[in-house]
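Here is a short briefing to read alongside the sequence and the model. Take a look at the display first, and then we can go through the fold, the core, the surface and the side-chain pairs.

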Amino acid sequence: MADDVKSEPSEIHISRLRALQAIRLGSAQDVDQPKRHELADASAKAVEVDGRKRYFELRDRWSGAIVTWIWILILFNIGITIAVGAKWLDYSSLEWFITAVLVQTFLQIVGLGVVAVQYLFSDKPPGKT
């Protein structure tokens, strides 16, 4: 996994695996055994909390993008329906086309809803159904 670099050049985020390895290596050099274990546990928990925080930020960003895309699709369907109803667009010889476009857009909206619910707002780990 490649290292992630934030927009600030002085702050470099390393992968979770590398962070945990560094914690274990650093705590292995400490001579106080109880202190070593407490430090390693606290550092490992800090890495886990940071990972979860970044996961929830990513989830919020994706859910906003999905909601925006669903609204675009709904507005597109409204626009097509109004344009055909007002006779601005004439699909009388291609009735199957307008039906296909509306059905396809509806299925995209339902599919995005399924993705959002199943993957973004599920408490189950990804890959387990």
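What share of the contacts in the protein chain with a separation of 6 or more comes from residues 24 or more positions apart? The share is 58%, where contact means heavy atoms within 4.5 Å. This is a predicted model, in which local features need pLDDT of at least 70 and side-chain atom pairs count only at pLDDT 80 or more, while totals for chains, interfaces and linings use all residues. Residues are numbered from 1 along each chain as its sequence is written, and side-chain values use heavy atoms, with hydrogens and water left out.

**Overall fold**

- The protein chain has three helices and two strands; these are DSSP runs, with helices being H or I of at least four residues and strands being E of at least two, numbered from the N terminus.
- Read from the N terminus, the order of elements is β-β-α-α-α.
- Of the 129 residues in the protein chain, 19% are buried (buried is under 20% relative accessible area, exposed is over 50%, and partly exposed is in between, with a 1.4 Å probe and protein chains only).
- The protein chain exposes about 10300 Å², and 65% of that area is supplied by carbon and sulfur atoms; accessible areas come from the Shrake-Rupley method with a 1.4 Å probe, and for residues only the protein chains shown count as cover.

**Core and helix α2**

- The largest nonpolar core has six residues, namely I66, I70, L73, I109, A116 and L120 (such a core is a set of buried Ala, Val, Leu, Ile, Met, Phe, Trp, Tyr and Cys residues joined through side-chain atoms within 4.5 Å).
- Two or more residues of this core come from each of α2 (33-85) and α3 (95-120).
- Beyond its neighbours within four places in sequence, L73 contacts T105, Q108, I109 and L112.
- N77 lies in helix α2 and counts as buried because its relative accessibility is 15%.
- Leaving out residues up to four places away in sequence, N77 touches L102, T105 and F106.

**Surface patch**

- V67, W71, L75, I78, I82, W88 and L89 make a nonpolar surface patch of about 750 Å².
- Patches are made of residues with over 30% relative accessible area and no salt bridge, with like charges joined within 9 Å and nonpolar side chains (Val, Leu, Ile, Met, Phe, Trp, Tyr) within 5 Å.
- One of the patch residues, V67, sits in helix α2 and is partly exposed at a relative accessible area of 47%.

**Salt bridges**

- There are two salt bridges, each defined by a side-chain nitrogen of Lys or Arg within 4 Å of a carboxyl oxygen of Asp or Glu.
- E48 pairs with R52, with the closest N and O atoms 3.4 Å apart; the two are four residues apart in helix α2, so about one helical turn separates them.
- D50 pairs with R54 at 3.8 Å between the closest N and O atoms, and these two are also four residues apart in helix α2, about one helical turn.
- D50 is partly exposed at 31% relative accessibility, and R54 is partly exposed at 34%.

**Aromatic pairs**

- The count is two aromatic pairs (rings of Phe, Tyr and Trp, its six-membered ring, pair if their centres lie within 6.5 Å; planes under 30 degrees apart are stacked, over 60 edge-to-face, and the rest tilted).
- Y55 and F56 are edge-to-face, at 5.4 Å centre to centre with 65 degrees between the planes.
- W96 and F97 are edge-to-face, at 5.9 Å centre to centre with 90 degrees between the planes.
- W96 is exposed at 57% relative accessible area, whereas F97 is partly exposed at 32%.
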